[in-house]
Amino acid sequence: MNIVVLVKQVPDTWAERKLSDSDKTLDRASVDVVMNEIDEYAVEEALKVKEASGDDSTVTILTMGPERAVETIRKALSMGADKAVHLTDEALHGSCALQTSYALAKVLETLHYDLVICGSESTDARLSIMAPLLAERLGRPQLSGARKLTVGDGTARIERQTENGYDVVEAALPAIVSVVEKINEPRYPSFKGIMAAKKKPLTTLTLADAGIEADRVGLASATSSVESFSNRPPRQSGQIVKDEGDGGSRVADFLASQKFL
Amino acid sequence: MAEVLVLVDHLDGVPKKVTYELLTKARDLGEPSAIFLGAPGQSAAALEGLARYGAEKVYVAESEDITGYLTAPKAEIVAGLIAAKSPVAVLFPSSAEGKEVAARVAVRTGSGLLTDAVDLAADGTATQSIFGGAVEVRSRVSTGTNLVTLRPNSTPPVEQSGAAAVEQLTVELSDSAKGAWIVESVVEGKGGRPDLGDASVVVSGGRGVGAADGFALIEGLADSLGAAVGASRAATDAGWYPHQHQVGQTGRTVSPQLYVAVGISGAIQHRAGMQTSKTIVAINKDPEAPIFELADFGLVGDLFTVVPALTEEIIKRRG
């Protein structure tokens, strides 16, 4: 079983995230970066599938991003993934989600995979559409929003969170799975894992290496463009009162004043 | 007049409020047509409402295959309609499924896609609120058909009668649209409350609620307001309330008219999921809780005494 995990490096949610004034893309250079949180769950789930299915399985990390994304790749390797592919090229800068899915699909087509696992969303763009985009591009089934994954007999089965419960969804392998953080508890890299990660194979690909046409990616040919943006002043806090035994009716008074009652 | 397609979000045929919001918004861009996709017979329950909110045409596709497989059949039908009708834009609800269908349609039609819009201008420019509400962005689709997913509660639904002329579509799906089949649908939790994503009012409980039992208070307050129930990640991780109610960065994003945060400190992950709410009320015993920084009205007090009193007061005033 070959499992590919998509891992993204994102600005730390706790950091102040900004769009750059020059080209209106996310400023990734001046902030602290981390592995996208839900991707840790994706890596963990891949390792669990590997452990359950036997020794001949491999877990490959696939990351698209600038050079410094190597730090995030190393973290995934230190958790226990076997090898990694890093697609990095200046020309990818400013790619929209559709272009990103195109580039990732091109790389995935060169890898032998039974399962692609990604997190349900990244904390920076928060589109949560990478699994359906890749499923559509690769012509593979989409198993998205998994809170539970079972793999066996050439099929994958998930529990997919819905608005009022969950659906059980099944597909033949190879399939594209996205996971929510309910699915497991990611392991911490061990010291041994961290040391081993330094020696694990990491393949770096440019656009040319991956056979991706430069005019299919990047800001200039993005399928949508930012016209303008404004940094909103932080929300002003309103009236804060202390409960003096009449708290319930104070809140009710406010709701009435806003015509909610 | 240019046609604007709206994907109907419905429960067993009955359109959700967001559908009417999309139809209302679509009128700014052109002549709205609704796309109804569901199981056989379901559209009967939708037509009256779609006519009342201005749908001139209703494209109806009904088949067990549409509901039996995950998202791909819907995308295939919508993409086919785009090819046949060349609409100026297609509006989708910003639900998990709405975004996934839109994503597949974007790939199929070579179009750009803007998700989670909180507003849409007549010229097709979408407004999005990003980085936990810190930045507001105006963007345009620059390739193919203008595809936009719009968050519930982005615009008040306004009635305007439409012809709602039905055009039946033949459903012939490719094999690749049948790749992921739904084995069963399980309903969890209690019914009867509005859906979190769609609700005008949301009451959420957090760590301060203290235990699963405590959520009875949250539910009581929610019911007095006709609200949906949300929960912070601390509360769902602790197993106090089902995960699908989680509001925040790794859960649902809501932007109701009124958001009541009870016993929620307001960590940035939570704020990312509710910051675009129109009015925010916070009840928390810690006066330093960051949730108070964005509350329009904050009450510093013990939720176990305040919430029951508030619930009683609301019931009394609402008669």
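A residue is buried if 20 or more other C-beta atoms lie within 10 Å of its own, exposed if 12 or fewer, and partly exposed in between, with C-beta atoms placed from the backbone. Helices (H or I, at least four residues) and strands (E, at least two) are DSSP runs, numbered from the N terminus. This is a predicted model: local features need pLDDT of at least 70, side-chain atom pairs count only at pLDDT 80 or more, and totals for chains, interfaces and linings use all residues. Residues are numbered from 1 along each chain as its sequence is written, while chains are lettered from A and ligands numbered from 1 in the order in which they are written.

**Figure 1. Strand β1 of chain B and its two parallel partners.**
Strand β1(B) covers residues 3-7, and four of these five residues are buried, so the strand is largely enclosed by the rest of the structure. Two strands pair if DSSP finds at least two bridges between them. With β4(B) (residues 31-38), β1(B) pairs in the parallel sense over five bridges. Leu7(B) stands opposite Ile35(B) there. Three bridges join β1(B) to β6(B) (residues 89-93), also parallel. In β6(B), Val90(B) is the bridge partner of Leu5(B).

**Figure 2. A parallel open sheet with strands from chains A and B.**
Six strands line up in the order β13(A)-β17(B)-β16(B)-β15(B)-β13(B)-β14(B). The edges are β13 of chain A and β14 (228-231) of chain B, each pairing on one side only. From one strand to the next, the twist averages 15°. Across the chain boundary, β13(A) (residues 239-242) and β17(B) run parallel, joined by four bridges. Lys242(A) stands opposite Val300(B). Four bridges also join β16(B) to β17(B), again parallel. Gly298(B) is the bridge partner of Ala282(B).

**Figure 3. Helices α6 and α9 of chain B against the strands.**
Two residues are in contact if their C-beta atoms, placed from the backbone, lie within 7 Å. Axes are lines fitted to C-alpha atoms, for helices over the stretch in contact, and angles run from 0 to 180 degrees between N-to-C directions. Helix α6(B) (residues 215-225) lies across β13 (201-205), β14 and β15 (258-262) of chain B, at about 170° to β13(B). Helix α9(B) packs on the sheet and touches β15, β16 and β17 of chain B. Its direction makes about 135° with that of β16(B).

**Figure 4. The side of chain B that touches chain A.**
Chain B gives 72 residues to the contact, and chain A gives 65 residues. Elements of chain B that each supply at least two residues include α5 (96-109), β7 (113-120), β12 (180-187) and α9 (303-318). The chain B side divides into 33 nonpolar, 22 polar and 17 charged residues. Here Ala, Val, Leu, Ile, Met, Phe, Trp, Tyr, Cys and Pro count as nonpolar, Asp, Glu, Lys and Arg as charged, and the others, Gly among them, as polar. The model scores ipTM 0.93 and pTM 0.90.

**Figure 5. Pro73(B) in helix α4 of chain B.**
Helix α4(B) spans residues 72-85. Pro73(B) counts as buried because it has 23 C-beta neighbours inside 10 Å. Leaving aside neighbours within four places in sequence, Pro73(B) is in contact with Asp65(B), Ile66(B), Leu173(B) and Ala177(B). Pro73(B) and Phe304(B) are 231 residues apart in sequence and 48 Å apart in space, C-alpha to C-alpha.
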